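Please look over the sequence and the structure shown below. The report that follows takes up surface patches, overall architecture and charged pairs in turn.

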Amino acid sequence: MLDYLVIGEAGPSTTIGTMIVVSGAFLILMLLIKKFAWEAITDMLKKREDKIANDLDSAEQSRIAAAKLQEERQQKLLSSKSEAAEIIKHAKENGDQNRQKILAETNDEVSRLREKARLDISQEHEEALASVKDEVASLSLQIAEKILNKELTPDAHDSLINSYIEGLGKSNEVR
């Protein structure tokens with residue numbers, strides 16, 4: 001039953017014939033591809049090649065720009081650090097100058113107050129001496145009046161007071 005289905009029997013010569021047919025079909029296929037599809041394929045491959053080249057160039061430019069930006073930021077950071085150090089240095093110098101100024105003003109004020117106190121003490125001492133002199137003169141006059149039972153003239157009164165005060169001054173100097 002199978003004998004009826006077989007169209008022809010293949011023998012040893014059919015393999016060469018098959019190779020010739022397949023080779024011819026391949027050549028025809030290649031000619032058709034070249035005629036209709038080869039330009040589209042080469043255009044597509046060229047576009048892809050150009051896109052890849054552009055992408056690589058863009059990536060390289062982006063890398064260079066990023067490196068440049070990083071360098072700028074590094075420079076700004078260093079500049080900021082140096083500016084901060086300079087600001088701190090100036091702040092310390094200003095603080096030292098202010099401290100020196102305050103100390104100088106304080107010393108001047110202390111000297112001024114000491115001089116004022118010395119003058120006040122001297123003035124009070126003079127006033128106290130004058131007051132004591134007046135009291136001593138008054139007491140001396142009263143004692144002298146009682147002793148002499150008479151009144152002294154103002155000139156005699158002044159000479160008596162001055163001699164008494166000189167005597168007090170000399171007795172204080174001896175001590």
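## The nonpolar patch

Helix H1 supplies the largest share of the nonpolar patch, namely five residues, where a helix is a DSSP run of H or I with at least four residues, a strand is a run of E with at least two, and numbering starts from the N terminus. The patch covers about 890 Å² of surface and is made by Phe26, Leu27, Leu29, Met30, Ile33, Trp38, Ile41, Met44 and Leu45. Helix H1, spanning 14–36, and helix H2, spanning 38–148, each supply at least two residues of this patch. Patches are built from residues that have over 30% relative accessible area and no salt bridge, with nonpolar side chains (Val, Leu, Ile, Met, Phe, Trp, Tyr) joined within 5 Å and like charges joined within 9 Å.

## The model and its overall build

This is a predicted model, in which local features need pLDDT of at least 70 and side-chain atom pairs count only at pLDDT 80 or more, while totals for chains, interfaces and linings use all residues. Residues are numbered from 1 along each chain as its sequence is written, and side-chain values use heavy atoms, with hydrogens and water left out.

The protein chain contains three helices and zero strands, so that its elements, read from the N terminus on, follow the order α-α-α. Of its 175 residues, 3% count as buried. The protein chain exposes about 16,000 Å², and carbon and sulfur atoms supply 60% of that area; accessible areas come from the Shrake-Rupley method with a 1.4 Å probe, and for residues only the protein chains shown count as cover.

## The annotated segment

An unreviewed UniProt entry places the feature "transmembrane region" at residues 16–38; such positions are given in the numbering used here, feature names are shortened, and annotations may be inferred rather than shown by experiment. In the model, the span 16–38 is 96% helix and 0% strand, and its end C-alpha atoms lie 30 Å apart.

Side chains of opposite charge can pair when their charged atoms come close. A search of the whole structure finds five salt bridges, each being a side-chain nitrogen of Lys or Arg within 4 Å of a carboxyl oxygen of Asp or Glu. Among them is the pair of Lys46 and Asp50, whose side chains meet at 3.7 Å, N to O. Because Lys46 and Asp50 are four residues apart in helix H2, they are separated by about one helical turn. Lys46 is partly exposed, with a relative accessible area of 44%, and Asp50 is also partly exposed, at 34%.

Another salt bridge joins Asp55 and Lys51, with the closest N and O atoms 3.0 Å apart, and these two residues likewise lie four residues apart in helix H2, about one turn of the helix. Asp55 counts as partly exposed at 41% relative accessibility, whereas Lys51 is exposed at 53%. Glu115 forms a salt bridge with Arg118, the closest N and O atoms being 2.4 Å apart, and both residues lie in helix H2, three residues apart. Glu115 is partly exposed at 35% relative accessibility, as is Arg118 at 47%.

## A patch of negative charge

Which residues gather in a patch of negative charge on the surface? They are Asp120, Glu124, Glu126 and Glu127. In this count Asp and Glu are negative and Lys and Arg positive, while His and the chain ends are not counted. Glu124 is found in helix H2 and is exposed, with a relative accessible area of 52%.

How values were computed
Buried means under 20% relative accessible area, exposed over 50%, partly exposed in between (1.4 Å probe, protein chains only). The place of a charge is taken as NZ of Lys, CZ of Arg, CG of Asp or CD of Glu.
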